[in-house]
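I record what I looked up, entry by entry.

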Amino acid sequence: NLIAFLDRVTSDLGSASAELDAHAQIGGGYLNFQADDIFYNTKGKLYGYYMILNALGEDFAAVIAEKQAGEVFANMLSSLRTGAAMDPTIVVNGDPDSVAMPSHLRAIGFPLLRARIQMRELADILQK
């Protein structure tokens, strides 16, 4: 059941990543009014999945320990928590290499992708 859930979450985060990337390509800096909606939607997903997976970690603690997947599980939770904790004053959709106007969509995309990779790694470990 945990593997099936991880697969669904991985798929949903893949869709969120695609949405972030598509909108980040548009740019727009401070005048992009959809960027904050996409950013906070993604942040909410990361927070929600963090809370659910944290609780599932307790429910499946024996399985995670048996498969020696505790470190991967903890790293996955940390990545989700990092993305969920991002709180810029103003969401900016600037160029990725900009100092003055960074891309918050790309910034939240990094912990999202890390968590997604770690979920796949966790699922692989649990299947063995």
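Entry on His23. I located His23 in helix H1; helices are DSSP runs of H or I with at least four residues, strands are runs of E with at least two, and both are numbered from the N terminus. The model is a predicted one, in which local features need pLDDT of at least 70 and side-chain atom pairs count only at pLDDT 80 or more, while totals for chains, interfaces and linings use all residues. Residues are numbered from 1 along each chain as its sequence is written, and side-chain values use heavy atoms, with hydrogens and water left out.

Is His23 buried or exposed? I found a relative accessibility of 7%, so His23 counts as buried (buried is under 20% relative accessible area, exposed over 50%, partly exposed in between, with a 1.4 Å probe and protein chains only). I then listed its contacts, leaving aside neighbours within four places in sequence: Asn32, Gln34, Ala35, Ile38, Asn93 and Leu105. Contact means heavy atoms within 4.5 Å.

Entry on Ala35. I followed one of these contacts, Ala35, to helix H2. Ala35 is buried, its relative accessible area being 0%. With neighbours within four places in sequence left aside, Ala35 touches His23, Val91, Asn93 and Leu105. I also checked Ala35 against Ile125: the two are 90 residues apart in sequence, and their C-alpha atoms lie 36 Å apart in space.

Entry on helix H1. I returned to H1, which runs over residues 2-26 and has 25 residues. From first C-alpha to last, H1 reaches 36 Å, close to the expected 36 Å; the expected span is 1.5 Å times one less than the number of residues. The buried residues of H1 include Leu2, Leu6, Val9, Leu13, Leu20 and His23. Against which helices do the buried residues of H1 pack? I noted H2 (35-59), H3 (61-66), H4 (70-85) and H5 (104-127).

Entry on aromatic rings. The ring centres of Phe39 and Tyr40 are 5.0 Å apart and the planes stand at 85°, so the pair is edge-to-face. Rings of Phe, Tyr and Trp (its six-membered ring) pair if their centres lie within 6.5 Å; planes under 30 degrees apart count as stacked, over 60 as edge-to-face and the rest as tilted. Phe39 is buried at 0% relative accessibility, whereas Tyr40 is partly exposed at 36%.

Entry on confidence. I recorded an average pLDDT of 92 for the chain, with 96% of the residues at 70 or above; pLDDT is the predictor's confidence in each residue, from 0 to 100.
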